[in-house]
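Welcome, and please get your viewer ready for a short walk along one chain. At each stop you will be told what to select and what you can find there.

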Amino acid sequence: MWGGRFSEATDSFVAAFTASVGFDQRFARHDIQGSIAHATMLKECDILSAEDVATIIDGLYQVLREIEAGEFNWSIGLEDVHMNVESRLTDIVGAVGKKLHTGRSRNDQVATDIRLWLREETDNIIALLVRLQSGLLDLAEQHTDTIMPGFTHLQTAQPVSFGHHVMAWFEMLYRDTERLVDARRRINQMPLGSAALAGTTFPIDRTITAELLGFEGICQNSLDAVSDRDFAIEFTSAASILMMHMSRMSEEIILWMSAQFNFVQIPDRFCTGSSIMPQKKNPDVPELVRGKAARVFGQLMTLLSLMKSQPLAYNKDNQEDKEPLFDCVDTLTGSLLAFADMLPNITPNKENMRAATMKGYATATDLADYLVRNGVAFRDAHEVVGNAVALGIAEGVDLSDLSLAQLQQFSDAIGDDVFEYLTLEGSLAARDHLGGTAPNQVKQAVARGRTRLELFA
């Protein structure tokens, strides 16, 4: 493809070392899609004849059929997906196939292919995210009244509903969805027409190609268009944050499934056993997702490091952008598929959650708030409750199990209505405001969540 300039053939090792067809054939459908749009534009601009373009497009569809049928012969000697497709096109339609590359370069061609592919994958990932979030909304709605301990420092802090906790996961994922939707706008900009780096001398109309390919904008600078990989880095950054969230969820599920917590069960189909210990039920899916988060983080670092020293415009380094991006998309997609099936099917062990909540003096803050409402300054109330907790520890009982007389020895502001505020149900119900854990607030949050998800439908 460049024999006119060179006096000797490329070394066979170098040909294999520099070839990308082993992985970029993944772009074949998008490459052909871009070529059809490019050829159509060349016809509309009277650069190629209608007859030539019809022949080229028919040939491209035949190439696509061969690829989809697994009958296509990929050649390392042709280096990449673009030259493989063009070479086969020329075999099919003859010399007219060589006209397809008029007014473009592999530089703007590959940049277009990546964007077309990543746009499609982003849409698939957003759809998976919406499916996962819908399942979480169903789970939260079922458990607005299921009580569990809320933690800070992994120590029992205050009672919350399991539904409220699940809605915290929903909020994490909702932000991830917003990030991906926003990133998609920058993915969906068309570089085609920038040629190698400076544009082309042919009288092309890039708006025609952009409309045919569904791009919502056109890259405004040819140098930047062929060398920009910000969109891939931004996607991988959003993917890393999403995987970080999924890793946090995984950690909680793993802890909750342990005998020490025994808060939840996940279906057997998401677990494995032990080769030596017959009693084991291992949470392999959340453990793997937790591990795969590190893999996606690494791909982000790979792309950042790849681009950090590149001068304008295109450099061969950019061939190394594809495999990290492919792996990021594959890892994220697989993790979301597993979570979308697994998380909505979690079964909480309600009795164990409630018993655990009773062990940690989870209503201590409720007692402090009660004292404040009865005129005690918060810092003084804090000390009173600390003394009451110390007594409870000494007696081996919860605050709600202390007698009125025992509580009143620490403050005369405590009345016989105090026990209404020391129950777990009372604690939840008292937090009746937007974002609070009161069951009716969780129900409202679920309803709002369903409406918010409609934005991504």
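Start with residues 361-428. Over this stretch the chain is 62% helix and 0% strand, and the C-alpha atoms at its ends are 14 Å apart. The UniProt annotation "domain: Argininosuccinate lyase C-terminal", from an unreviewed entry, covers residues 361-428. Keep in mind as you look around that this is a predicted model.

While you are here, pick glycine 386, which sits in helix 15 (residues 378-395). Its relative accessibility is 36%, so glycine 386 counts as partly exposed. Now draw a C-alpha to C-alpha distance from glycine 386 to alanine 368: the two are 9.3 Å apart in space and 18 residues apart in sequence.

**A helix pair**

Next, select helix 3 (residues 28-44) together with helix 4 (residues 50-68). Their axes come within 9 Å and cross at roughly 175°. An angle over 145 degrees counts as roughly antiparallel, and helix 3 and helix 4 are therefore roughly antiparallel to each other. Show the side chains where they touch: helix 3 contributes residues including Ile32, Ile36 and Ala39, while helix 4 brings, among them, Val53, Ile57, Leu60 and Leu64. What kinds of residue make up the contact of helix 3 with helix 4? Colour by type and you will find 13 nonpolar, two polar and three charged.

**Aromatic rings**

Switch to the aromatic side chains, where the count comes to twelve aromatic pairs. Take phenylalanine 27 and phenylalanine 326: their ring centres are 5.3 Å apart and their planes are at 70°, so the pair is edge-to-face. This pair links distant parts of the chain, with phenylalanine 27 in the loop between helix 2 (21-24) and helix 3, and phenylalanine 326 in helix 12 (residues 322-342), 299 residues apart.

One more selection for rings: Phe151, Phe162, Trp169, Trp256, Phe261 and Phe263 are linked into a cluster by ring pairs.

**Backbone details**

Stay with the backbone for the next picks. Histidine 153 is in the loop between strand 1 (147-152) and strand 2 (155-161). Its phi is near 55°, a positive value in a residue other than glycine. At 76% relative accessibility, histidine 153 counts as exposed.

Asparagine 262, in the loop between helix 10 (230-257) and strand 5 (264-265), also has a positive phi, about 50°, although it is not a glycine. Asparagine 262 counts as partly exposed, at 27% relative accessibility.

Now go to leucine 312 and alanine 313, which are joined by a cis peptide bond with omega at about 5°. You will find alanine 313 in the loop between helix 11 (284-307) and helix 12.

**Last stop**

Finish at threonine 90 in helix 5 (residues 81-93). With a relative accessible area of 18%, threonine 90 is buried. Which residues does threonine 90 contact, leaving aside its neighbours within four places in sequence? Select Gly97 and Lys98 to see them.

Definitions and conventions. Residues are numbered from 1 along each chain as its sequence is written. This is a predicted model: local features need pLDDT of at least 70, side-chain atom pairs count only at pLDDT 80 or more; totals for chains, interfaces and linings use all residues. Side-chain values use heavy atoms; hydrogens and water are left out. Helices (H or I, at least four residues) and strands (E, at least two) are DSSP runs, numbered from the N terminus. Buried means under 20% relative accessible area, exposed over 50%, partly exposed in between (1.4 Å probe, protein chains only). Contact means heavy atoms within 4.5 Å. Axes are lines fitted to C-alpha atoms, for helices over the stretch in contact, and angles run from 0 to 180 degrees between N-to-C directions. Angles under 35 degrees count as roughly parallel, over 145 as roughly antiparallel, 65 to 115 as roughly perpendicular and the rest as oblique. Ala, Val, Leu, Ile, Met, Phe, Trp, Tyr, Cys and Pro count as nonpolar, Asp, Glu, Lys and Arg as charged, and the others, Gly among them, as polar. UniProt positions are given in the numbering used here, feature names are shortened, and annotations may be inferred rather than shown by experiment. Rings of Phe, Tyr and Trp (its six-membered ring) pair if their centres lie within 6.5 Å; planes under 30 degrees apart count as stacked, over 60 as edge-to-face and the rest as tilted.
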